[in-house]
Amino acid sequence: MVENTGVCPETDAEETDNLPFILGFFPYLLAHAHSLLTRHVTSFAANEKSSRNDFRVMVTLVDNDNLSLGQLAEMMQVKQPTLSRIIENLVTSGLVERRGSKKDRRAVEIRLSPAGKRAVKPLLKQAQSLNDDIVSKLGITDAENLVRILKRIVVMERARDSAAVE
């Protein structure tokens, strides 16, 4: 039996072959799940007087100090001009610091400020709670499999992108 997810009606295993194409199309399913989960992130970021984009930057910087704008843009899958505006707002708010790179004088490194480290804690707590809720509903095995599969998709698509550029 396929679990009712709100995307696809409950069906017997034999009936899954007869589902409309879109309900088995990975890009659609991933985008749909992303859209639904992003609502939670937007909500708890707003509760902390933050935007979803600010949340994404700050959470990415938690374990990644001193990233260049390019590295951060790549990790977040955001265009650099968009990220520059977000970073500027976070710098103005005192949550993020920009510093010249010790390795390359032309480069700028971005990291959380002490105030940013304090501000991100409640966001991380809520993000972990959302993650824990998903894991509890999926079960640990399915959750681990999902993470493993999503990572494989990322690696496959990066390789496809690299091959297309060459």
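This is a predicted model: local features need pLDDT of at least 70, side-chain atom pairs count only at pLDDT 80 or more; totals for chains, interfaces and linings use all residues.
Gln 77 sits in the loop between helix H3 (69-76) and H4, and its phi is near 55 degrees, a positive value in a residue other than glycine.

Residues are numbered from 1 along each chain as its sequence is written, and side-chain values use heavy atoms, with hydrogens and water left out.

Now the overall picture. The chain has six helices and three strands, where helices (H or I, at least four residues) and strands (E, at least two) are DSSP runs numbered from the N terminus. Read from the N terminus, the elements follow the order α-α-β-α-α-β-β-α-α. Of the 166 residues in the chain, 22% are buried. The accessible surface of the chain is about 11900 Å², and 55% of that belongs to carbon and sulfur atoms; these areas come from the Shrake-Rupley method with a 1.4 Å probe, and for residues only the protein chains shown count as cover. If we take contacts between residues at least 6 apart in sequence, 41% of them join residues at least 24 apart, contact meaning heavy atoms within 4.5 Å.

Next, the sheet. In what order do the three strands of the open sheet lie? The order is E1-E3-E2, and the pairing is antiparallel. Strand E1 (67-68) and strand E2 (96-100) stand at the edges with a single partner strand each, so one side of each is left without a neighbour in the sheet. Two strands count as paired if DSSP finds at least two bridges between them; E1 and E3 are joined by two bridges, and E2 and E3 by five. To give an example from each pair, Leu 67 stands opposite Ile 110 in E3, and Val 96 has Leu 112 in E3 as its bridge partner.

Within strand E3 (residues 108-112) we find Glu 109, which counts as buried because its relative accessibility is 16%. What does Glu 109 touch, if we leave aside its neighbours within four places in sequence? The contacts are Asn 66, Leu 67, Glu 97, Arg 98, Arg 99, Gly 100 and Ser 101. Gln 71, in helix H3, is 38 residues from Glu 109 in sequence and 9.5 Å away in space, C-alpha to C-alpha; with 42% relative accessibility, Gln 71 counts as partly exposed.

Let me turn to the loop between H2 and E1, which holds Asp 65 and Asn 66. Asn 66 has a positive phi of about 60 degrees although it is not a glycine, and Asn 66 is partly exposed, at a relative accessible area of 29%. Asp 65 is partly exposed too, with 38%. Although Asp 65 and Arg 111 are 46 residues apart in sequence, their C-alpha atoms are 5.0 Å apart in space, and, apart from neighbours within four places in sequence, Asp 65 is in contact with Ile 110, Arg 111, Leu 112 and Lys 117.

Helix H2 (residues 52-62) lies across E1, E2 and E3 and runs at about 95 degrees to E3; axes here are lines fitted to C-alpha atoms, for helices over the stretch in contact, and angles run from 0 to 180 degrees between N-to-C directions.

How do the axes of H2 and helix H4 (residues 80-92) cross? They come within 10 Å of each other and cross at roughly 85 degrees. That makes H2 roughly perpendicular to H4, a label for angles of 65 to 115 degrees, where under 35 would be roughly parallel, over 145 roughly antiparallel and the rest oblique. On the H2 side, Asn 53, Asp 54, Val 57 and Met 58 meet Leu 83, Ile 86, Ile 87 and Leu 90 of H4. By class, this contact has six nonpolar residues, one polar and one charged, with Ala, Val, Leu, Ile, Met, Phe, Trp, Tyr, Cys and Pro counted as nonpolar, Asp, Glu, Lys and Arg as charged, and the others, Gly among them, as polar.

Terms used:
Buried means under 20% relative accessible area, exposed over 50%, partly exposed in between (1.4 Å probe, protein chains only).
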